[in-house]
Amino acid sequence: MTVAWLVSMLCVGVMGFAIQRGATCTVAAVDEVLTRRRAHRLVAMLEASLWVAGGLALAQLAHLAGSMPAGYAVSAWTVMGAALLGLGAWVNKACVFGAVARLGSGEWAYAATPVGFYAGCLSEMRLFSRPMASALSDTSPLFQASALLAMIFVGFVLWRLRPGLLALRRPDRFDWLGRRVWTPHAATVVIGVSFIVTFLLAGRWAYTDVLADLARAMDSASVRLAMPVMLLIALYAGSLAGGLTAGRWQSIRVSARQVLQCFAGGVVMGWGSLLIPGSNDGLILIGIPLLHPYAWLAFATMFTTIAAAMSFDGFLRKFRGSQKTA
């Protein structure tokens, strides 16, 4: 095991730890928009994408970026896959990020989510007769203006770090910094930074990509997938540590209904992820930062689908409540 892989595992563990405190769950972000009429979580997720984009622009200038994941042509399958991804997240009551956080908090039913996602990836080709997604050969627009974007990003980073640097003069600086680093917004930024370091060291990695690759893997690919699987384990270990230290740990009794719900949600998210292709972690941390149009369309469609499902569910609940009181 190389130093790069050890650092990657550490970064992924930090990412899992931060997921417990971050604002990365798309379902929670939609719920915040609908119920509280604010978009703090959505803005935090987009800022995580911004940190990844800025990191990639700097890496490109330093000739460290290497080969980047290709973009894909926008098609009806993109929209259909994103709608399924959103529907699956709503059924699961958490997106793939949220499922990691909930499992790390002791909600054991969410262990069925990655299993269902894997099953969805296995069954997708048999259920959906579609051509392979067309990978684009064009370079990401991000790298066509990497010098300008890198300069803007450096200014943004200095602006973001300014409160922390000024706080070093305060008598209670360590307590203040500790509180600030693990606010939901800041923790989401930590997720973005941890991801970009891992991406540059270990190559393409998103935990749903690992599950999808496992579903498609042949025996010859087992060695190639060994390290990504270890990263997946590190992610869950970090989430578990984050749940324990955040005071969120509560071993919740598992019911058959919850397990079925999480498994079904995982299956539908697996279908949607392969049809796009890409799940919400890959879209937020790879596709959107690379300015791929299909990723922006897919995330917007997923967000809208979750919002529509939540609104319709709320309408049905009110209707049933009025029927009972009538």
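**Briefing: an all-residue view of a helical chain**

The protein chain contains 15 helices and zero strands, where helices (H or I, at least four residues) and strands (E, at least two) are DSSP runs numbered from the N terminus. This is a predicted model, in which local features need pLDDT of at least 70, side-chain atom pairs count only at pLDDT 80 or more, and totals for chains, interfaces and linings use all residues. Residues are numbered from 1 along each chain as its sequence is written, and side-chain values use heavy atoms, with hydrogens and water left out.

**Chain totals**
- Of the 326 residues, 46% count as buried; buried means under 20% relative accessible area, exposed over 50%, and partly exposed in between (1.4 Å probe, protein chains only).
- The accessible surface of the chain is about 16200 Å², and carbon and sulfur atoms hold 66% of it.
- Among contacts (heavy atoms within 4.5 Å) with a separation of 6 or more, 82% join residues 24 or more positions apart.

**Helix α5**
- Helix α5 (residues 96-104) is largely enclosed by the rest of the structure, because eight of its nine residues are buried.
- The buried residues of α5 include Val96, Phe97, Val100 and Leu103.
- Glycine 106, which follows α5, has a positive phi, near 100 degrees.

**Cavity**
- The whole structure has one cavity of 30 Å³ or more; on a 1 Å grid over the protein atoms alone, a cavity is a set of points where a 1.4 Å probe fits but cannot get out, and lining residues have an atom within 4 Å of a point.
- The volume of the largest cavity is about 30 Å³, taken as the space filled by probe spheres set on grid points joined across faces, edges and corners.
- Its lining consists of Thr24, Met45, Ala48, Phe97, Thr188, Ile191, Ile284 and Leu285.
- Two or more lining residues come from each of α3 (40-61), α10 (184-202) and α14 (280-287).

**Tyrosine 294**
- Tyrosine 294 belongs to helix α15 (residues 293-325) and is buried, with a relative accessible area of 6%.
- Beyond neighbours within four places in sequence, tyrosine 294 contacts Gly71, Tyr72, Val74, Thr78, Ile276, Pro277 and Leu283.

**Tryptophan 249**
- Tryptophan 249 sits in the loop between α12 (222-245) and α13 (256-275).
- Tryptophan 249 is partly exposed, with a relative accessible area of 32%.

Methods
1 Å grid on protein atoms, 1.4 Å probe; cavity = no way out; pocket = protein on both sides within 12 Å on 5 of 7 lines; lining within 4 Å. Areas by Shrake-Rupley, 256 points an atom, 1.4 Å probe, with all protein chains shown as cover.
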